[in-house]
Every structure is written in structure tokens, then in C-alpha cells.
Amino acid sequence: MIIDPSIFKAYDIRGIYPGQLDENLAYKIGQAYTAVIKPQGEVLVGEDVRLYSKVLKNNLIRGLNDAGVGVIDAGLISTDMLYFGVGNYKTDGGIQATASHNPPEWHGFKMVKKGPVPMTLESGIGDIRDYVSNFKPIVAAAKGSLTNLDIWNDYCKLVLSWIDTTKIKPLKIVINPNFGLAGLILEKIVEIGNLPLQLIKLNAEPNGNFPKGRPDPFIPENRNELIKLVAESKADLGIAWDADSDRIFFCADGGVFIEPYYLNTILIKQMLKKSPNEKIIYDPRYTWALLDAINENGGEPVLVRVGHSYIKEAMIKYNALFAAESSGHTYYRDYWHSDCGMIPAVQILEFLSESGRKLSEVVKDVMNKYYISGEINNKIKDKEGKINEIAEKYKDAKQSRLDGIAIEYDDWRFCVRPANTESLLRLTLEAKSQELMEEKRDEVLALIRS
């Protein structure tokens, strides 16, 4: 097949099976990973629930083995379990067959180096693309080993170690893993921890066809089922994950969906309660509620541009305790500076059990203090020119060019960022009233689209 270079993305490899990504290319990617990363020990490999992830993973393993690399096959795992596996068992790297939250025809690979250290287009993925495009087979004198390892128990025990399980009170929870593995993983956590939880399941049976569409709770229309069931069942809360289970979203009692921005203020409080005076990383999309939570709980805020590689690099550089994105990714220093989709779930359970409060009550104050637009994408050819135009229009404001442009006034602020691989500008805006948010959102959108 002709290699389509566009499948080699900023943070992973992702394309449509079999036109852009097939078994032959998976083999070559395994060989290319060997040539670029040069692992000296074993590489941990896993797969998500997608229809062809297993066969792609198996051919990737063949490529690694033929190049002399030993492989630990972890089987069906979530993306954050890959990070756990590489970190916990100290492997020389890791590869997950996944296309995250994309529609079912998409497949791909997410790769890390030893550590786990993330790979990006600039730090490995681009080199793998170039090697595959000018492919030269690597045939080792001896094939690499292949062993199977079930990492679920160890992973679940580590997640449980983040809380005092004896404090968890009986709670009714709606879970929506969007046909990924998160439901089964949470059930295992509940079983091992003997947690007194009643789980009401929605879209909980793994299914790589993703029969209800794109498995991504970040899309507002994908939240309605969860909201309705939480309200109807009178559950204490609802939890949803994307298909590869590394992003998490919450719905409060009564069917109130909580944007990750607001929920992250609780996680910040929980982290600083146990580890005071630590650095907390945040990004420029939304800031006010996070800064309040960090400052009020004795933390030190560190502003970093959007993107998991930038956040992980900054966590290491500043020895930061915690970072959270408004997209649902949550990072922990003591989780190998990586994001995890299950630790936030148990932290919120512990918070609700200790506080005795309803989640809707806890988030009401912050939701009624800062009003947000949601992320709005706009197709723009001259992204830099438009950003300069915005800077001139709002030159009397406090400005930052850390990531696109951030504009701040006393009662409203916004960030406009260019997408990494598309001709898009992404707008996020917050204000101190709903009316002002809507007024300024429309004003900035008119400028962007003019």
C-alpha cells in the first residue's frame, strides 16, 4: 500500500482500516519502532476493543519480534493501563493498538518510550513515519521473545491505593464506558476493593462497532443518555469515559453534567489536601476556577500550553503534583507523570463519602461563578494572521501568547488556539455572568469568522 503520511499525527498514529492502515503497515511500524527507539529490553503491547486492533497488534508484535525485540502482550487494556504497565514493570517502551475516541473504522497506535515518556511527531513519530516510507526490513539473528501478562489486578490495586477504601459509603452510580473497557475495569476495582457501590450500566458491553456513534463524551449530544439515566434512577452520580478509557467525565445527582473544568476544582482540592504546598499545572483554555482552587488550598499554579506532551514535560521539569485538562485528561506525578481515567473516579467517591455532600451542591458555587462557552472550532486558513488581528482588537487587555492568544479582562477572558494538524482556531471563553459570556462569545466569534 502507498503510505499516507497524514496518519502520523502529533501524538499518535491514526488512520482508517484497511485503506490507510493495515496488517502490513502494522508490521512495518513495529520494525520502525525498533529502529527509532532501539529498545534494549522488552516492550509492553496492548489493544483496545476495536474490531481490528488485535490483528494489527499481532502484526506489530511480529515486526518487533523479527527485529529481535522481546514483547510482553498485555491483551485487552485501556490506554492508561499501557502507561501503568510500562512504568510498573519497567519495560523499555510500550505500544497500544487504539484510535482513542474515533469512529469504528479508525484504528491506530499510541506509543511511549521507557518511562513512560510520550512520543510526539517531533520526538519519534515523525522518524517512524520516515522509516516506514523508506522501509528496510530488520532481521535479527534471533527473534525476540513473546510472553503474555494479565496486568488488570495490579492496575486495579494501584488505583485503589489512592484512597482509603474503608471510608467509601454506599453510593449508586451510573456508568457509561461508551462500549469500551472502562465498565469492566471499574467492576474489577469495586470487586477487589470490596466497595459498597451499586453500578447501573449503560453501553457497558465492549463493542468495537460503537453502535451509538463516536464514543466520545466530550461531544455534548453524547451526554444525554447519561444525564437522563442519572436523573431517572436517582443515582448519586454518573461517570462516562471515552472508548479507550483515558478520559473521564462526571454527571452529578439530578442529571447535572459537570464540565471537566468545574470537576477539576474538586480533584485539585483532594490532591492538595493530602499533599499541600505542591505545584499544580493548568492550561490557558479556562483558568479562573482552577486558580481559585489552587490558591485557596495552598498550591502553586504553573501555566503550561495545551497538549499531553507539554504537560508531561512540565510535570517532570517542575516536579508538579497534578494537572488536569478541560478535555477530561487528568495527570498525576505519582502515576509516572501520566494521565489516568480511573484515579479521578475513586477520588470523587472518596470525596463524596468524606464530605457527605451531594455532588450537585459542591459544584453549584463554581458553576454559578464562572460561565463557559465550551470549545468552539472555526475553520481559518491564516491562523497566525487572525491571532494578530485579535491581539490588535483587544490590545487594552492582559495578553499571553503562550498558546495561541489569551485575552483577559476583569470580568471575562478567552483563549484562541490553533489546532496542531488542521486549519482550525479553537475558542474557549469564560465570564462572570451567563449574559456576558454569551455576548462576548458572539463578539469574538464574529471577529474570528470575519
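Visitor: What makes K312 count as a charge over the face of Y83?

Guide: The rule asks for NZ of Lys or CZ of Arg within 6 Å of the ring centre and within 35 degrees of the ring normal. K312 lies over the face of Y83, at 4.3 Å from the ring centre. K432 lies over the face of W288 too, at 5.0 Å. Keep in mind that this is a predicted model, where local features need pLDDT of at least 70, side-chain atom pairs count only at pLDDT 80 or more, and totals for chains, interfaces and linings use all residues. Residues are numbered from 1 along each chain as its sequence is written, and side-chain values use heavy atoms, with hydrogens and water left out.

Visitor: Why is the pair of Y17 and Y52 called stacked?

Guide: Rings of Phe, Tyr and Trp (its six-membered ring) pair if their centres lie within 6.5 Å; planes under 30 degrees apart are stacked, over 60 edge-to-face, the rest tilted. Y17 and Y52 sit 4.1 Å centre to centre with 15 degrees between the planes, so they are stacked.

Visitor: And why is the pair of F84 and Y155 edge-to-face?

Guide: Their centres are 5.7 Å apart and the planes stand at 75 degrees, so this pair is edge-to-face.

Visitor: How do you know whether F84 and Y17 are buried or exposed?

Guide: Buried means under 20% relative accessible area, exposed over 50%, partly exposed in between (1.4 Å probe, protein chains only). F84 has 1% and Y17 has 16%, so both are buried. Y52, at 36%, is partly exposed.
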